[in-house]
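Welcome! Please take a moment with the sequence and the model before reading on.

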Amino acid sequence: MFASVIIDQDTKALNKVFNYLIPDGMKIEKGFRVIVPFGQRLVQGFVVEVNEKIDFDLSKIKQISSTLDDEPIIKSEMLELMKFMCNKFHLRLTSVLRLFVPSEIREGKVKDLFVKWASLNGEIDIQSFSRANVQKSIIEELIKKQKVLLAELKKNFSVSSVNSLIKKEIIKIELEKQIRKPLTIIQQDKKIELNDMQKNAIRSVKGEGTYLLHGVTGSGKTEVYMNLISNALKNKKNAIMLVPEISLTPQVMSVFKARFGENIALLHSSLSAGERFDEWKRIFSGDARVVVGARSAIFAPIDNLGIIIIDEQHEQSYISESNPRYDTFEVAKFRAEFNKCPLLVGSATPSVDIYEKTKTGEVKLIEMPTRANGKELPKIQIIDMMNELRTGNSGIFSTQLIADLSYVVNQKKQAMIFINRRGFSSFMMCRECGYLAKCSDCDVNLVYHREDNRLKCHYCGKQYRVLDKCPNCGSNKIKQGAVGTEKIVDELKNIFKDVKIIRMDNDTTSKKNGHEKILQEFRKSKPAILVGTQMIAKGHDFEDVTLVGIIDADQSLYRGDYRSTERCFQLITQVSGRAGRSQYEGKVDLQTYSPRHYVYKFAANYDYKGFFKKEENIRKTSVFPPFSKIIRILFAYYDENVVRDELKICYNKLLKVREKYFDSIIYMDAMKSPIKRIKNSFRYQIIVRIKLDNSDEIENEIFNCTEGNLKSSVFFEVNPESMS
Ligand code: ADP
Ligand code: ZN
Ligand code: ZN
């Protein structure tokens, strides 16, 4: 028998399968990990196929040395998925396989956790201890409790006495496996009577296919998801549910834990290595039947799926931007088709891309247009900041927002203030000569962080001393640019002296369970104001939030790519959705310098369909996705000449592709990237826009032009989330 093996080393040269002979008597199946001779060394590999015959020179074939598993660690569904992903996203076999088996399992560094229990080794005659001493008390303790954690025993009595009792074999030690469980707060499971809208949604998801649940914020989508998962479990099937970011999971998790108990496994990036190891094994063994997690949970080793759910479908975090690059939706779709189960994606603001698919029938649309609590969506008031300037208010907050905040505070309720920037200000600049503080390794402005009084690069994390005078001209007139979260908190503290003001951004949530702690603190403080970045826009459900303030909504509008209006609409709707979720009415103050932009008109009326129509029209006329495909090929390397040369070679090959498909290629150009340097690497890019007919074929030909022995790192992206 022969095995086809993929070597577990992520290099281009090894991106193929190698044949090995299976020694007689060695049990090997598809999906096993094996150790094989490779060149002069022994390396790890994955068996992807077992064959009786192969077309190979048998005198040259080597034997498998040993196996690491006694059951397949990669199931056959995942081997099919591997082929699909390599093909669809131009990935290497090994990089995909590594997504399926977390490093904790693969590298063997993390082990099962065992705890030691102490108990008496058979009957013991307590009378034989004539006088009271430590050993006697230890034995009495063990008679009373039967079994005590060894560590506890040593802590409560004396280490040497315990050790000597072990030596005399009076105490015996037993190992017991302990499962490391991620911490979650468990709430009461609310008994909720489904409304007709929800019942209809649940009924509509039947059979294979992709479904879009378009439900306004607070329409009760979570309850729909949970019921569908319950139904799957009742049918002896399993489920995966994805949520965008970790800030969401504490709440989602506690709701799910309350409903599904031990059936749930949790997979996300802030688990400890041990927790991830144990959760993965609970899923693998079938002990956990519902997986809830961020993007990578789509690779959970769970079979017999009855449903896959992606919550907050529009979120960018479902696109993996770093290598290996993939689109979670496509992976989920593959798994749903493989398992012949429905894929349900839900959002209050579906991406233009997926909504377009509901028109062609590729995706079935389910709508929940009203809130579950029967209340109206919060009223959005557009505040013209130019007008504030004209009337002499040059501050960050409009008069209206301050008035509304005061009202909330007096009512002992809560408010959220959304701002798209963390830190104190977005740049530091010399007023005299225009000098701008920049990162020495990246072509970006440094951001001032007051908390630790540092300038930080948000691209590479490098930190700098703050400027007290200009390094260029010596002037001490240093100006701070647009404001960030820290600055807002500062100003609010000045205005509302006794009110709890909490900040939530990447800086305050970087510690383990950081999000959870901040949200807990906010939940119990009234009145309180939570100031934050995108993080606060996510599905939080706080009953007492009655006001949302959006500072500088235009920020996301002028990012300069085709999706910026869509992003702006999504952001406003999502942030607004945090207000008025219980019996209290909510309001939103939206500050902007371009109050007449169409995005604000549609957003203020919660008119998704109107917005979609307008946006669809614009994209159709200008031939942008979803009516075309944009490909970006990014080259990065520390030597600028090398990047430029290699880019040129690629571009010349592309010219031939353009000739061949002249009618299908709308645009093609090479340029410096908007951010010319990151972490000391120079960045150049080629952008190609192609029509949709035979776009897969063209995409492949374009991809082939990037192959070759290059020094630069090359990133190939389709419809990239960011063009910078
Ligand atoms: P969404 O995810 O659509 O924004 P949620 O699922 O968070 O909305 O639900 C919003 C609120 O409505 C939650 O507090 C939830 O408990 C409540 N809710 C959901 N369904 C019902 C229902 N049928 N009746 C009353 N309240 C409901
Ligand atoms: Zn200067
Ligand atoms: Zn930097």
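## Ground rules

A residue is called buried when its relative accessible area is under 20%, exposed when it is over 50%, and partly exposed in between, using a 1.4 Å probe and protein chains only. This is a predicted model, in which local features need pLDDT of at least 70 and side-chain atom pairs count only at pLDDT 80 or more, while totals for chains, interfaces and linings use all residues. Residues are numbered from 1 along each chain as its sequence is written, chains are lettered from A and ligands numbered from 1 in the order in which they are written, and side-chain values use heavy atoms, with hydrogens and water left out.

## Domains

The protein chain is split into domain 1 (2–73), domain 2 (113–178), domain 3 (200–368), domain 4 (379–424 + 494–619), domain 5 (427–482) and domain 6 (629–718); the bounds come from an automatic or database domain assignment. Between the C-alpha centres of domain 1 and domain 2 there are 49 Å.

## Nonpolar cores

In soluble globular proteins, nonpolar side chains tend to be buried together. A nonpolar core here is a set of buried Ala, Val, Leu, Ile, Met, Phe, Trp, Tyr and Cys residues joined through side-chain atoms within 4.5 Å. The largest one has 88 residues, and I74, M82, M85, F100, F299, I308 and I550 have the most contacts inside it. Helix α1 (residues 76–89) gives the most to this core, namely seven residues. Helices (H or I, at least four residues) and strands (E, at least two) are DSSP runs, numbered from the N terminus.

Contact means heavy atoms within 4.5 Å. Not counting residues up to four places away in sequence, M82 touches I6, V48, L93, V96, L97 and F100. There is also a second, separate core of 31 residues, with I202, I229, F260 and L266 among them.

## Salt bridges

A salt bridge is a side-chain nitrogen of Lys or Arg within 4 Å of a carboxyl oxygen of Asp or Glu. By this rule the count is 33. One of them joins D10 and R92, whose closest N and O atoms are 3.1 Å apart. D10 lies in the loop between β1 (2–7) and β2 (17–21) and R92 in the loop between α1 and α2 (93–100), so the pair ties together parts that are 82 residues apart in sequence. D10 is partly exposed at 32%, and R92 is partly exposed at 27%.

K145 and E141 also meet in a salt bridge, at 3.0 Å from N to O. Because they are four residues apart in helix α4 (residues 134–145), about one helical turn separates K145 and E141. K145 is partly exposed at 44% relative accessibility, whereas E141 is buried at 13%.

The salt bridge of E616 with K359 has its closest N and O atoms 3.7 Å apart. This pair links distant parts of the chain, with E616 in helix α19 (residues 608–622) and K359 in helix α12 (residues 352–360), 257 residues apart. E616 counts as buried, at 9% relative accessibility. Elsewhere, a network of salt bridges links R325, R632 and E717.

## A buried isoleucine

Is I690 buried or exposed? I690 is buried, with a relative accessible area of 0%, and lies in strand β32 (residues 681–691). Leaving aside neighbours within four places in sequence, I690 is in contact with residues including S628, I631, I666 and I698.
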